[in-house]
Amino acid sequence: MANVVVIGAQWGDEGKGKITDLLSRSADVVVRYQGGVNAGHTVVVQDQTFKLHLIPSGILYPSTECIIGSGTVIDPKVLIEELDQLDQLGISTKNLLISETAHVTMPYHRLIDQASEERRGNHKIGTTKRGIGPTYADKSERIGIRMVDLMHTEGLRKQLRWTVEYKNAILEKLYDLPPLEPEAVIEEYIEYAERLRPHVVDSSVRIYEAVQQRRNILFEGAQGTLLDLDHGTYPYVTSSNPVAGGACVGAGVGPTMIDRVIGVAKAYTTRVGEGPFPTELEGEIGQQLCDRGAEFGTTTGRKRRCGWFDAVIGRYAVRINGLDCLAITKLDVLDMLDEIKVCVAYELDGDRCLDFPSNARQFAQCRPIYETLPGWKQSTADCRSLNDLPTQALDYLKFLAELMDVPIAIVSLGASRDQTIIVEDPIHGPKRALLYDENHSPGVNIHEIGVK
């Protein structure tokens with residue numbers, strides 16, 4: 001039995017959906033612990049593509065229990081649309097459970113998010129404008145609506161009449177927007193409540209029972225480490241905690257219940273929205289990475305900024321999350337490059353900097369220090385073991401593993417489930433199986449890999 005957290009080790013969009021889907025085969029329960037419809041997971045199964053925003057990727061396995069935890073914020077309209085989409089595709093959603101203490105995104109949240117972002121002008125954060133920040137703000141201000149509130153109609157009516165009037169004052173006076181009609185909002189959300197009622201439970205109890213029964217639990221986060229509200233590139237961050245520690249708060253479990261943490265990182269780096277990006281490429285190679293990697297956001301369709309792999313933020317993700325191992329995705333995107341660069345350190349004020357600076361102004365001034373590796377100039381799409389990889393591709397993976405001092409457990413070479421090399425099963429495999437042997441020298445035969 002193992003309880004595993006899957007997190008993004010960069011700025012999100014690392015391919016967590018596919019990795020979560022793969023690991024869900026060994027999981028009895030999958031828990032989404034933070035974020036909202038600002039996140040998107042794309043899973044490709046044979047000829048079908050599933051784009052999920054709130055429902056955990058494990059929903060594609062009929063026997064897996066999927067829980068949307070209390071740390072998430074839920075847009076009921078979008079959630080119901082996802083349920084309908086899955087039902088139409090013949091995917092059962094009877095095993096989906098929703099935390100009764102998760103907060104609800106309301107129409108005024110979306111309006112305020114959109115108006116606030118537009119008013120920022122040149123100081124835009126780059127939000128998805130889906131109301132996520134204002135929902136979390138209301139949670140902190142203690143005026144939020146929770147799923148349990150939706151389940152009690154009369155109490156909801158009283159609460160929303162006051163809240164909508166309060167938000168209307170903001171919409172009208174601050175943003176010069178027309179007010180919402182309280183009764184229309186109330187009736188809309190009462191209808192949503194009836195549809196979602198069968199799924200709403202005390203999720204913390206259900207998760208604790210699963211732990212007691214020694215079931216395998218997979219905790220999935222949205223976004224990535226560098227978008228964490230406390231530990232990311234503030235203020236260009238999300239409004240919750242995608243880091244591994246956020247799993248405990250967002251799911252309602254103690255830290256002793258977490259056994260392992262796996263980080264997901266692309267073989268290069270991408271970022272959506274505003275904010276510093278030291279390894280960003282703006283020329284032909286950057287466009288090539290974008291085109292080959294289909295780098296457009298699942299949620300907004302925005303083009304992702306692309307750059308070389310950044311081992312400085314990689315090491316930071318290892319430290320902040322306590323990573324046991326990594327899944328490297330989209331290695332195939334690099335297949336046709338003559339050479340590949342890796343940022344091994346930053347130059348900051350004339351000094352070599354190995355650690356990610358928490359000061360946003362300093363981070364904006366960082367310049368990458370690269371090491372260059374030869375490309376492999378051949379397709380890796382059909383590789384299914386480490387021995388199938390070109391020598392230069394394997395050397396590249398070893399270089400990343402050694403730079404970050406963390407093993408690589410999974411290598412993804414495309415969007416489909418079968419385009420994957422499993423070096424170690426993070427749920428049932430050894431605690432610290434490495435891509436290199438116990439003497440820290442490179443090794444290829446995974447059957448001879450020791451435990452660190």
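I started with burial: 58% of the 452 residues in the chain count as buried. This is a predicted model, so I keep that in mind throughout.

Next I looked up the surface. The accessible surface of the chain comes to about 18500 Å², and carbon and sulfur atoms account for 47% of that.

Then overall size. I found a radius of gyration of 22 Å for the chain, which agrees with the value near 22 Å that a compact globule of 452 residues would have. The C-alpha trace spans about 65 × 50 × 40 Å along its principal axes.

I listed the secondary structure too: 13 helices and 20 strands. For contacts between residues at least 6 apart in sequence, I noted that 76% join residues at least 24 apart.

Charges: I got 48 positive and 62 negative side chains. The centres of these two sets lie 2 Å apart.

Which peptide bond did I find to be cis? The one from Tyr-234 to Pro-235, with omega near 10°. Pro-235 sits in the loop between β10 (217–220) and α9 (245–251).

Asp-13 has phi near 65° and lies in the loop between β1 (3–8) and α1 (16–23). Lys-330 has phi near 55°, and its loop runs between β15 (325–329) and β16 (339–348).

How values were computed. Residues numbered from 1 in each chain as written. Predicted model: local features only at pLDDT ≥ 70, side-chain atom pairs only at ≥ 80, totals over all residues. Heavy atoms only, no water. Helix = DSSP H or I, 4+ residues; strand = E, 2+ residues; numbered from the N terminus. Rg over C-alpha atoms; globule rule 2.2 N^0.38 Å. Buried < 20%, exposed > 50% of the residue type's maximum accessible area, 1.4 Å probe, protein only. Contact = heavy atoms within 4.5 Å. Areas by Shrake-Rupley, 256 points an atom, 1.4 Å probe, with all protein chains shown as cover. Lys, Arg positive; Asp, Glu negative; His and termini not counted. Charge placed at Lys NZ, Arg CZ, Asp CG, Glu CD.
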